[in-house]
Amino acid sequence: MTLNILLLEDIHASADPVLQALPDARITRLRHAPEGDELRRLLADADLLGVRSRTRLDAAAIAAAPRLRAVGAYCTGTNNIDLEAASERGVAVFNGPFSNTRSVAELVIGHAIHLLRRVPERQAAARRGEWMKDAKRSNEIRGKTLGIVGYGKIGTQTGLLAEAIGMRVVFHDIEARLPLGNAAPMPSLETLLQEADVVTLHVPQTPQTRHLIDAQRLAQMREDAVLINLARGHAVDIDALHAALVEGRLRGAAIDVFPVEPASAAHAFESPLRALDNVILTPHVGGSTVEAQRNLGVEVSEKLRDYLLQGAVRGSVNLPELGVGAVRGAARVVHLHRDRPGVMSRIHAQLAGAGLNVTQLHLETGRGVGVAAVDVSDRPTAETLRALAAVEGTLASFLVMPG
Ligand SMILES: NC(=O)c1ccc[n+]([C@@H]2O[C@H](COP(=O)([O-])OP(=O)(O)OC[C@H]3O[C@@H](n4cnc5c(N)ncnc54)[C@H](O)[C@@H]3O)[C@@H](O)[C@H]2O)c1
């Protein structure tokens, strides 16, 4: 049977060779993000779906996709996907959290250099016909202190790049993190703010990171320091930042993410920061590079491929991790079910009843879901597969043949 793969939002062509490794794959590509009836019509016979951040995959859209087995989010965030509804239907969702790490880190370094040299103000003045030629409050970044708030994938990468050009790196994280290079953990956010010439945020969106940088935190920053936020819009109190910049206490800021962002290019971008010369404003493009898109095309497609070809779950956002080896036996049944007592014994009973011996079993549970990859001695009949899919607690099940 044809495996219908629907790729929306102009996903990078690097996805195709990977997905074409799936048997009977037929790839349909669209450049835009369909909505409403158009989306539901397209989903009616899709087995695999690839989206980026604009397609809204809510519970109604998932319900309109009866054949859907997995979704690839060719981006890092998955806020546009109803993950609970996906799990409830046994649809695996994968994203690509590593693909744009380097892109964001590079831009942070560029912003740090521009802000410490007051390039945004000089550029704004030059555009108005003013010649703002002086060395006042202009510094090299060499020897300055970079304060990284959130020392995860992007934070650590940024720290290594900053050290390579001579910055001193300090960081603050709520989790214990291994310091890379010569980076030093700070005992508190307050200490970091008091030490850093450049503060850069790399925290996720959580209730704790809302207005992480507010008026009080801004007041703790060094006079003439700069703030960079390429993480999440809600992490900075924009009105408080505006006030600190107008008062001249901070040298400048670079902001890529906003509490409210325009839904599309057709909508206007509103922010009090627009009026200030000493701010670099970008439209959430921290991770948007050709390289990142290409990496995403491969990274996410490989996860989809390994899931469908082997039942391996690597880096899913709604299923537990399941490492599997090669199929040992005639076939593998991949079975997704509610994490409740008795489901596995009912699966075993069905297999035993059909005279199938289990030759290898992988099982992992988490996020309320169990994923089992059960290798069996003979190929199950269509009737056995129907019986397995009907086992109480089943979310989805499918068959994998040895490659
Ligand atoms: N601008 C863009 O285009 C763009 C692109 C990619 C990622 N991002 C954003 O960048 C952020 C970081 O991404 P990542 O891949 O490095 O994430 P990550 O999960 O690898 O790292 C986040 C780190 O922040 C830490 N953290 C969480 N809450 C904290 C708190 N209250 N105080 C201090 N540290 C805290 C975590 O422990 C973790 O170490 C995310 O918000 C992501 O959405 C933006």
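**Entry 1: the ligand**

I opened the predicted model at the ligand and began with G287, where a polar backbone atom lies 3.0 Å from an oxygen atom of the ligand. I then asked how much of the ligand the protein covers. Taken on its own, the ligand has 860 Å² of accessible area, and the protein covers 86% of that.

At V203, a backbone N or O atom sits 2.7 Å from a ligand oxygen atom. At D256 the side chain takes part: one of its N or O atoms is 2.9 Å from a nitrogen atom of the ligand.

Which residues come closest to the ligand? I noted K153, I154, D173, V203 and D256 as the closest, out of 24 residues that surround the ligand.

I count nine nonpolar, nine polar and six charged residues around the ligand.

**Entry 2: the whole chain**

I stepped back to look at the protein chain. It has 403 residues, and 49% of them are buried. I find 13 helices and 16 strands in it. Along the principal axes, the C-alpha atoms fill a box of roughly 85 × 45 × 35 Å.

I also checked how far along the sequence the contacts reach. Among contacts with a separation of 6 or more, 64% join residues 24 or more positions apart. The chain exposes about 18900 Å², with carbon and sulfur atoms supplying 51% of that area.

**Entry 3: the nonpolar cores**

A general reminder to myself: in soluble globular proteins, nonpolar side chains tend to be buried together. The largest nonpolar core here has 32 residues. The members that touch the most others are L19, L48, Y74, L304, Y307, L319 and L336. Two or more residues come from each of β1 (3-7), α1 (15-19), β5 (92-94), α11 (290-310), β13 (331-338), β15 (369-376) and β16 (394-400). Which element gives the largest share? I found that α11 does, with five residues.

Setting aside residues up to four places away in sequence, L48 touches N4, I5, L6, L19, L22, L68, A70, L304 and L308. I see another core apart from this one, with 31 residues, including L193, I238, L273 and V279.

I began with V333, which is in strand β13. Is V333 buried or exposed? Its relative accessible area is 3%, under the 20% cut-off, so V333 is buried. Beyond its neighbours within four places, V333 is in contact with A372, A373, V374, P380, L388, F398 and L399. I also took the distance from V333 to T158: 43 Å from C-alpha to C-alpha, across 175 residues of sequence.

M186 came next, in the loop between β8 (184-185) and α8 (189-195). M186 has 15% relative accessibility and therefore counts as buried, although it is in a loop. Leaving out neighbours within four places, I list V170, F171, H172, T191, L192 and E195 as its contacts. H12 is 174 residues from M186 along the chain, and their C-alpha atoms are separated by 40 Å.

Not counting residues up to four places away, T78 touches A73, L83, N95 and V317.

**Entry 4: positive phi**

I finished with the backbone angles.

- D24 is not a glycine, yet has a positive phi of about 55 degrees. I find D24 in the loop between α1 and β2 (25-29).
- H284 also has a positive phi, near 55 degrees. H284 lies in the loop between β12 (279-281) and α11.

How exposed is H284? Its relative accessible area is 39%, so I logged H284 as partly exposed.

Technical notes: Residues are numbered from 1 along each chain as its sequence is written. This is a predicted model: local features need pLDDT of at least 70, side-chain atom pairs count only at pLDDT 80 or more; totals for chains, interfaces and linings use all residues. Side-chain values use heavy atoms; hydrogens and water are left out. A nonpolar core is a set of buried Ala, Val, Leu, Ile, Met, Phe, Trp, Tyr and Cys residues joined through side-chain atoms within 4.5 Å. Buried means under 20% relative accessible area, exposed over 50%, partly exposed in between (1.4 Å probe, protein chains only). Helices (H or I, at least four residues) and strands (E, at least two) are DSSP runs, numbered from the N terminus. Contact means heavy atoms within 4.5 Å. A residue is near a molecule or strand if one of its heavy atoms lies within 4 Å of it. A polar contact is a pair of N or O atoms within 3.5 Å; within protein, one must be able to donate a hydrogen and the other to accept it, and residues adjacent in sequence count only if both atoms are side-chain atoms. Accessible areas come from the Shrake-Rupley method with a 1.4 Å probe; for residues, only the protein chains shown count as cover. Ala, Val, Leu, Ile, Met, Phe, Trp, Tyr, Cys and Pro count as nonpolar, Asp, Glu, Lys and Arg as charged, and the others, Gly among them, as polar.
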